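Hi,

Here's the structure I promised to pass along.

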Amino acid sequence: MKRIVAKVTSMTLLFTLTLTLLFSGWGTAVVHAAGLTVTGSGGGNEAAYVEWSPVSNASGYKVFIKAASAADSQYQQLHNELIRKYASYWRADAVGLAAGSYVMKVEAVLSGGGTASAVTGTLAAAPYDRSGFAFSTASPYGTGSGAYADNGTLKSGAQVLYITSQNAQTVTLPVVVSSSGTVQTGVGLGGILTLRQKGYDTTPLAIRLIGKVTAADLSGQLNSSGYLEVKGKSNYTQMNLTIEGIGNDAYAYGWGLLLRYAGNAEVRNLGLMLFPDDGISMDTGNANVWVHNNDIFYGSAGSDADQAKGDGSTDLKKGSTYITISYNHYFDSGKAALVGLSESAEFFVTFHHNWFDHSDSRHPRIRVASVHVYNNFYDGVSKYGVGVTTGASAFVEGNVFRNTKNPMLSSLQGTDALGEGTFSGENGGMIKAYNNSITGASSLIYANSNSGTAPANAASHDAYLASSRSEAVPGSYKALVGGTAYNNFDTLVDTGVSVVAVDNVSAVQQKVTAGAGRQGGGDFNWTFNNAVDDASYALNVPLMSAIRSYTSGLVSVGGNANPGGPSPTPSVTPVPTVTPMPTATPVPTTTPAPTAAPTSTPAPGAAAHNFTASGTSSSFFTIQGNLSTSKGTVLYSGLTLTQCLKIESATRIQFTTAKASTLTLVFGSEGTKIKVDGTSYPITNGVATISLAAGAHTISKDTTANLYYLMVE
């Protein structure tokens with residue numbers, strides 16, 4: 001089945017690349033064609049790239065991609081903005097891709113007429129690792145994929161903004177700013193996000209940074225502290241927003257990100273340099289936030305002695321919960337991650353597969369929260385790894401601690417109570433440790449085992465050593481100061497982590513060093529001197545100098561072959577997709593739609609209803625609710641659907657099936673869940689499919705949505 005929703009709004013918005021391809025490993029292949037040479041190609045997590053040498057008589061370039069098994073007629077064109085020029089080569093990146101094998105084609109448009117083209121070899125794909133509390137079934141949204149579906153493709157109706165150093169202050173996007181649907185055009189990246197703070201526009205939005213975007217480029221778009229604010233209207237507002245870098249050289253340079261009141265938000269594939277205070281600050285009322293595959297360098301020096309490297313790299317506090325921080329590469333961070341500030345209630349966070357590369361402390365430093373810390377690589381950590389206070393509980397499993405001075409600490413007890421003083425004067429917490437690899441530690445005291453650096457101490461310890469990952473820590477083991485026991489959250493709640501998602505500790509170092517950080521390892525190379533940097537927590541002057549002097553190799557953005565704007569990019573996979581279309585530049589679909597909306601013709605024995613053709617009149621369904629013709633146009637199975645039933649609190653659709661059946665519901669871009677017989681079912685890419693038993697059934701509201709078509713068969 002094919003479904004394309006055209007959201008008809010006037011916008012200078014750049015269109016979504018709705019492809020579905022993913023890649024494992026960044027390979028290189030050289031392919032020659034007449035006048036055009038592909039010099040490199042490869043795949044990464046939900047992305048692929050191709051590089052080629054410039055053609056002397058080319059006026060521009062186009063780049064295409066298709067499934068490897070598909071016919072050449074299925075090639076689909078990448079957006080113009082995904083093509084970039086560098087000093088000695090060109091590059092294009094495809095993003096928003098799902099698992100499979102694919103081929104990319106580069107086409108040079110020759111100034112004298114004609115074209116020259118070359119193709120890559122087969123590119124193999126692998127998905128991002130969507131694990132941790134941001135993906136827990138107990139969380140508010142069940143996902144932290146932001147503008148993307150969990151298969152890696154953009155969500156139905158998703159919008160895309162490309163942000164460069166040239167357009168960061170001038171890019172525009174229409175935003176819904178009232179309950180009646182009033183639209184206002186936001187100007188500049190910050191201006192657009194400010195309008196979305198009103199809470200009326202939850203359209204999935206992917207903000208794609210290209211190259212080095214500086215604080216000066218964002219003049220007028222940042223708050224007074226130098227942050228780009230990603231804010232909802234109130235606690236845990238659904239944002240459906242992704243901020244991502246394109247390729248291996250996108251930077252937030254000299255500014256940071258502040259997330260507040262944000263639900264379902266994602267930050268990925270960015271390099272953060274010289275940020276103010278915190279790099280990514282999840283400050284107040286955030287839920288289902290996923291921060292992953294970023295390279296995090298030094299921030300700007302603060303006023304305190306311990307802020308020479310900046311302050312927090314990825315901090316979260318004030319009720320932020322169901323957060324996953326994964327596959328990030330921390331370069332000598334002073335304070336990697338604060339978890340909690342003044343909370344009184346339990347909240348949930350996951351850290352996994354991060355590379356703490358010679359950073360100093362707070363990996364993380366936890367107050368109150370229940371935190372799962374697994375499969376991270378602590379690589380020459382000069383102060384401490386995981387620290388707990390104020391009744392926090394941390395499950396620390398399958399991590400590699402290499403020359404980490406103090407792998408685990410609990411305030412005012414164990415190692416922290418020794419002669420060097422404390423890392424915190426607060427009450428203690430509890431750590432459950434299991435299956436970690438620990439070498440070169442200065443001090444580690446277990447509650448129940450002599451396998452640390454000192455004999456077991458049931459009263460004053462750093463952690464309880466579990467014999468299995470499912471073992472519950474006995475309540476008799478408590479924090480020395482504060483008296484709190486481990487809460488065994490990991491055995492009681494859905495952590496969003498399956499057993500198979502936890503790697504054997506023997507594989508962690510290789511997997512993390514290969515996969516943490518930006519696509520292909522990023523364009524910034526730095527190797528620490530273990531002999532010096534393992535134990536030093538001083539600012540690395542040569543590293544800071546390299547960060548301050550970093551210049552982008554990017555020359556220009558665009559292939560110069562599509563001056564009218566981005567090209568249509570229908571999906572190459574048979575999943576339903578949505579392509580937003582401005583009225584000024586219609587985008588054709590791959591299947592011509594009829595000019596009118598015919599009545600559907602379901603299979604024998606099935607019952608279907610087309611709201612465009614029949615309104616609320618049906619001999620099979622009893623329909624109660626309000627219709628609308630202002631919610632966009634849906635193309636589905638050859639039908640052009642322009643009228644929908646608004647799924648509101650009073651909406652009801654009732655019917656009776658004589659036998660077990662399948663219900664198919666086709667929606668517009670809004671909505672994530674629908675209730676059938678009182679049970680919530682997900683809407684995936686605009687479609688919900690539900691198995692029904694024989695009997696009476698009722699469809700009602702879960703989330704606000706617009707229903708265009710339904711069928712029982």
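A quick word on terms: a pocket here is an open set of grid points with protein on both sides within 12 Å along at least five of seven lines, and its volume is the space filled by probe spheres set on the points. Keep in mind that this is a predicted model.

With that in place, the second largest pocket has a volume of about 640 Å³. Its lining is made up of 29 residues, and Ser361, Lys383, Tyr384, Thr422 and Phe423 are the ones nearest the centre. By residue class, that lining splits into 10 nonpolar, nine polar and 10 charged.

On to the fold. The chain carries six helices and 56 strands. Nine of the strands form an open sheet with parallel pairing, in the order β16-β19-β22-β25-β28-β31-β34-β37-β40. The edges are β16 (212–214) and β40 (437–439); each has a single partner strand, so one side of each is left without a neighbour in the sheet. Inside that order, β19 (residues 251–253) and β22 (residues 271–273) pair in the parallel sense over three bridges, and Ala252 stands opposite Leu272 in β22.

As for contacts between residues at least 6 apart in sequence, 68% join residues at least 24 apart.

Cheers

Notes. Residues numbered from 1 in each chain as written. Predicted model: local features only at pLDDT ≥ 70, side-chain atom pairs only at ≥ 80, totals over all residues. Heavy atoms only, no water. Pairing = 2+ DSSP bridges. Helix = DSSP H or I, 4+ residues; strand = E, 2+ residues; numbered from the N terminus. 1 Å grid on protein atoms, 1.4 Å probe; cavity = no way out; pocket = protein on both sides within 12 Å on 5 of 7 lines; lining within 4 Å. Nonpolar A, V, L, I, M, F, W, Y, C, P; charged D, E, K, R; others polar. Contact = heavy atoms within 4.5 Å.
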